[in-house]
Amino acid sequence: MADITHLPMEQLQDLEYCIDSNPPWAETIILAFQNYILMLGTSVMIPSLLVPLMGGTDGDKVRVIQTLLFVAGINTLLQALFGTRLPAVVGGSYAYVIPILYIIDDSSLRRISEPHERFIATMRAIQGSLIISSTIQIILGYSQIWGLFSRFFSPLGMAPVVGLVGLGLFQRGFPALGNCIEIGLPMLLLVIGLSQYLKHIRLRDVPVFERFPVLICVSIIWIYSVILTASGAYRGKPGKTQVSCRTDKANLISAAPWFKFPYPFQWGAPTFAAGHSFAMMSAVLVSMIESTGAYKAASRLAIATPPPAYVLSRGIGWQGIGLLLDGLFGTGTGSTVLVENVGLLGLTRVGSRRVVQISAGFMIFFSTLGKFGALFASIPFPIFAALYCVLFGLVASVGLSFLQFTNMNSMRNLFITGLSLFLGISVPQFFNEYLTLRRGLVYTNAGWFNAFLNTIFSSPATVSLIVAVFLDNTIEVEKSKKDRGMPWWVKFRTFRGDNRNEEFYTLPFNLNRFFPPT
């Protein structure tokens with residue numbers, strides 16, 4: 001029996017660099033650029049989906065992508081310096097799509113006949129709703145309310161939530177890869193082959209295939225897709241295939257300016273409407289839950305302790321500041337922690353904070369150099385989808401690893417875990433089926449109410465958290481503390497509960513003197 005026993009481990013040991021240890025400078029810069037390339041998938045897809053519906057041109061789409069990248073760089077830097085201080089990249093979020101679609105469909109905006117005028121008016125309405133709804137995140141974060149709520153979390157409750165932060169994104173995995181199988185499948189096989197089977201090959205004592213799988217594989221398959229495009233392989237193919245496969249179909253490079261510096265209110269003064277703001281608040285709540293799960297995963301993959309309630313609240317507060325910046329600059333969507341970049345920590349076995357800080361510099365730099373940024377942004381999305389299959393799955397497995405601190409021979413725990421995982425997948429799938437038909441399952445005369453509920457119940461992590469936390473805190477609570485994993489978890493609730501917290505989460509520049517942990 002002793003031969004098959006694997007004792008629970010508070011911190012992963014199978015990583016080469018933890019949160020506050022750094023690779024050599026050359027390696028750090030390449031790793032940072034790899035993080036930048038990976039986050040381009042989401043940063044390009046969201047504007048590509050929304051800007052045409054708003055009435056925008058290819059030029060407008062490029063400006064929105066540039067702005068989104070610029071603000072993502074600022075938000076990532078703020079989060080890594082003053083927020084949770086975890087190596088987490090902050091970028092555009094799909095959670096905001098349903099409320100934004102509700103704003104786009106607003107009858108007062110639909111009445112504008114000239115497309116560009118409608119785009120500007122819609123963007124200003126989105127800005128106003130982001131600015132108002134950011135106050136929710138700022139208040140819940142800096143008032144420590146979110147930290148107090150996190151006292152109801154346990155390893156048992158968090159395992160399905162973090163698991164579905166990864167698994168819940170399955171639609172962006174193989175279904176998107178399958179839109180161009182001749183590019184996506186070779187990419188998936190190449191990533192697995194290089195990162196797992198050839199990871200021991202070293203060049204100047206650096207395991208290049210394990211450390212830089214994204215850069216190497218993207219470069220190879222991107223060149224392959226350029227050759228397919230140039231050879232006319234997609235001539236006469238359906239429009240969906242051409243958009244997914246061709247490297248020249250996005251019109252990003254031709255529409256991009258050589259230099260453009262995003263600035264606040266570049267689209268004009270924001271407009272405010274109560275309905276828009278209420279609808280957007282649902283996405284803020286979803287973003288907070290998904291980011292909390294991502295922070296838990298990032299802390300484990302960076303060999304850090306789980307972020308204490310104070311640190312979690314601090315991170316959510318800074319995310320609120322980031323959402324305010326999204327509204328001021330006009331990114332066209334809100335922001336959240338990017339799950340794919342969290343997964344990259346595990347794939348490369350590098351959890352260094354400095355890598356993410358430098359990647360924020362790449363986001364800001366290339367967002368101002370339009371042509372160069374557009375060149376990288378023209379990578380076909382199935383290439384990113386192949387990476388997501390690996391990285392989202394890795395984050396999901398990190399979530400399930402929290403179950404090692406619980407008693408999985410308990411029927412109570414099996415029931416809670418199974419039900420929260422199943423409903424976390426099943427309920428959003430049911431809601432998403434109706435989303436394509438008539439903007440969602442909930443369809444009343446109050447559009448903001450429809451958007452609010454459709455957003456909440458279309459998020460796997462949110463549904464899972466509602467089910468798991470409720471059941472975990474109402475079924476046989478007192479006599480199940482040990483089974484839930486609370487003896488291990490309780491010391492990480494407070495900043496001073498574990499002496500390692502100070503090493504990982506203390507603010508830089510001696511700022512803890514002015515902002516002491518509470």
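**Terms and their grounds**

Me: Which residues is isoleucine 138 in contact with, leaving aside its neighbours within four places in sequence?

Reply: With those neighbours left aside, isoleucine 138 is in contact with Ser143, Gly317, Gly320 and Ile321, where contact means heavy atoms within 4.5 Å. The C-alpha atoms of isoleucine 138 and glycine 317 are 4.5 Å apart in space, although 179 residues separate the two in sequence. Isoleucine 138 belongs to helix H5 (residues 115-142); helices (H or I, at least four residues) and strands (E, at least two) are DSSP runs, numbered from the N terminus. The model is predicted, with pLDDT of at least 70 needed for local features and 80 or more for side-chain atom pairs, while totals for chains, interfaces and linings use all residues. Residues are numbered from 1 along each chain as its sequence is written, and side-chain values use heavy atoms, without hydrogens and water.

Me: What makes the link of cysteine 180 and cysteine 245 a disulfide?

Reply: The S to S distance is 2.1 Å, and a disulfide is a pair of cysteine sulfur atoms within 2.5 Å. The pair therefore meets the definition. The structure holds one disulfide. This link is right-handed, with 130° about the S-S bond. Cysteine 180 lies in the loop between helix H8 (174-177) and H9, and cysteine 245 in helix H12 (residues 239-245), so the pair ties together parts that are 65 residues apart in sequence.

Me: Why is H16 called roughly perpendicular to H19?

Reply: The axes of the two helices, H16 and H19, cross at roughly 80° and come within 8 Å. Axes are lines fitted to C-alpha atoms, for helices over the stretch in contact, with angles from 0 to 180 degrees between N-to-C directions. Angles under 35 degrees count as roughly parallel, over 145 as roughly antiparallel, 65 to 115 as roughly perpendicular and the rest as oblique. H16 is therefore roughly perpendicular to H19. Among the residues making the contact are Val339 and Leu347 of H16 and Tyr388 and Phe392 of H19.

Me: How much space lies in the second largest pocket, and which residues are closest to its centre?

Reply: The second largest pocket holds about 440 Å³ of space. Of its 22 lining residues, Asp14, Leu15, Lys199, Gly346 and Arg349 are the closest to the centre. Helices H9 (181-197), H14 (274-301), H16 (339-348) and H19 (381-400) are the elements that give two or more residues to this lining. H19 gives the most, with three residues.

Technical notes:
On a 1 Å grid over the protein atoms alone, a cavity is a set of points where a 1.4 Å probe fits but cannot get out, and a pocket is an open set with protein on both sides within 12 Å along at least five of seven lines; lining residues have an atom within 4 Å of a point. Grid points are joined across faces, edges and corners, and a volume is the space filled by probe spheres set on the points.
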